[in-house]
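Hi,

Here is the structure I promised to pass on. Have a look at it first, and my notes follow below.

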Amino acid sequence: MATSQNELGRPDSPSPSYDLTGKRVVVVGGKTGIGLGMALAAHAAGASVTVASRRSASIVDHPELAPFDQLVLDISHEDAVRNAFNDIGSLDHLLVAAGPTDGSWGAFMDEDMRGVRSYANSKFLGSWACARYAAPKLASNGSITFLTGGIAARSKIGMTAVTSTFAAVEALARSLALELGPIRVNAIRPGFIDTDLWNFLSPTDAADVRGKVRTNFPARRIGYPADVGHAAVFLMTNPYVTGTILEVSGGETLVDWQF
Ligand SMILES: NC(=O)c1ccc[n+]([C@@H]2O[C@H](COP(=O)([O-])OP(=O)(O)OC[C@H]3O[C@@H](n4cnc5c(N)ncnc54)[C@H](OP(=O)(O)O)[C@@H]3O)[C@@H](O)[C@H]2O)c1
């Protein structure tokens with residue numbers, strides 16, 4: 001197709017579009033929480049979406065998953081990831097939202113290394129494996145998006161394993177943007193998003209944290225999976241964003257706050 005040119009002799013910019021009609025999107029960790037928010041946003045934008053994670057969720061019990069194809073996949077096992085992407089075949093966009101939501105919390109000197117090994121194996125090497133085995137199947141105008149968290153930029157005592165792992169995933173995004181181009185590779189860095197991740201808090205503590213977020217974060221509210229889903233659609237559809245860490249945090253990293 002000929003590219004039209006503007007009065008400066010440059011190719012016309014494509015119209016901004018958030019349309020994913022005809023695109024195939026795989027969301028690893030897409031059956032709950034932020035990943036589900038991404039999957040719903042991609043589906044609303046017209047994509048056909050496959051969600052993958054360890055659980056097998058029936059549509060009767062989880063009608064929110066009805067729009068999606070489902071896969072059972074544990075990303076901490078390289079062979080399983082390789083086989084999954086061989087089965088999936090070609091795709092346009094990969095979103096890796098999965099991550100452990102327990103463990104690895106504790107003061108650095110109080111812990112041995114089992115926690116960080118397990119955490120990094122799932123979050124960092126799992127993200128790596130998904131990218132490694134999806135890349136040969138991705139469209140050349142496609143993209144990969146990883147998911148980290150505000151703590152990557154502003155650590156808290158007792159969160160060293162999470163901070164370090166998220167920072168490594170962000171470095172992976174920048175590095176792969178170079179190695180895999182023209183496939184684009186980015187990461188989203190969310191702030192406090194209202195998901196089941198926070199269920200380990202007692203109702204009183206949860207209310208306390210939510211209050212602190214509303215008071216301290218510049219956006220003055222907690223975040224929702226749909227906020228991150230919106231950002232994921234932007235990263236999938238904007239053809240010139242790569243190697244970027246897109247913060248969707250309500251301004252979390254601008255302020256000093258504690259749980
Ligand atoms: N919520 C927040 O405020 C927040 C803030 C910053 C960063 N984050 C990060 O965002 C990510 C998603 O968290 P969330 O809040 O959406 O919690 P969530 O609802 O618990 O999501 C975690 C997802 O990861 C999947 N998962 C975990 N281990 C997996 C594995 N080995 N293989 C495949 N899938 C796996 C889980 O599904 P299965 O159990 O079915 O495998 C689940 O769907 C996490 O990495 C979290 O640290 C969250």
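Some housekeeping. This is a predicted model, in which local features need pLDDT of at least 70 and side-chain atom pairs count only at pLDDT 80 or more, while totals for chains, interfaces and linings use all residues. Residues are numbered from 1 along each chain as its sequence is written, and side-chain values use heavy atoms, with hydrogens and water left out.

**The ligand**

Two further oxygen distances: a polar side-chain atom of S53 is 2.7 Å from an oxygen atom of the ligand, and a backbone N or O atom of I34 is 2.8 Å from an oxygen atom of the ligand. Which residues come nearest to the ligand? Of the 27 around it, they are T32, S53, R54, R55 and T195 (a residue is near a molecule or strand if one of its heavy atoms lies within 4 Å of it). Helices α1 (33-44) and α3 (114-134) each supply at least two residues of that shell; helices (H or I, at least four residues) and strands (E, at least two) are DSSP runs, numbered from the N terminus.

A173 belongs to helix α4 (residues 160-180). A173 counts as buried because its relative accessibility is 0% (buried is under 20% relative accessible area, exposed over 50%, partly exposed in between; 1.4 Å probe, protein chains only). Beyond its neighbours within four places in sequence, A173 is in contact with F146, V185, N186, A187, G243 and I245, where contact means heavy atoms within 4.5 Å.

R189 is in strand β6 (residues 184-190). Is R189 buried or exposed? It is buried, because its relative accessible area is 14%. The R189 side chain makes a polar contact of 2.8 Å with the side chain of E170. Leaving out residues up to four places away in sequence, R189 touches a list that includes T148, G149, E170, I245 and E247.

**T237**

T237 is in helix α6 (residues 225-237) and counts as buried because its relative accessibility is 18%. Its side chain reaches the backbone oxygen of V233 at 2.7 Å, and a polar atom of that side chain lies 3.3 Å from the backbone oxygen of S17. Not counting residues up to four places away in sequence, T237 touches S17, Y18, D19, L20 and R184.

**Backbone points to check**

G181 and P182 are joined by a cis peptide bond, with omega about 15°. P182 is in the loop between α4 and β6. R220, which is not a glycine, has a positive phi near 60°; R220 is found in the loop between α5 (203-216) and α6.

Cheers

Conventions:
Polar contact = N/O pair within 3.5 Å; in protein donor to acceptor, adjacent residues only side chain to side chain.
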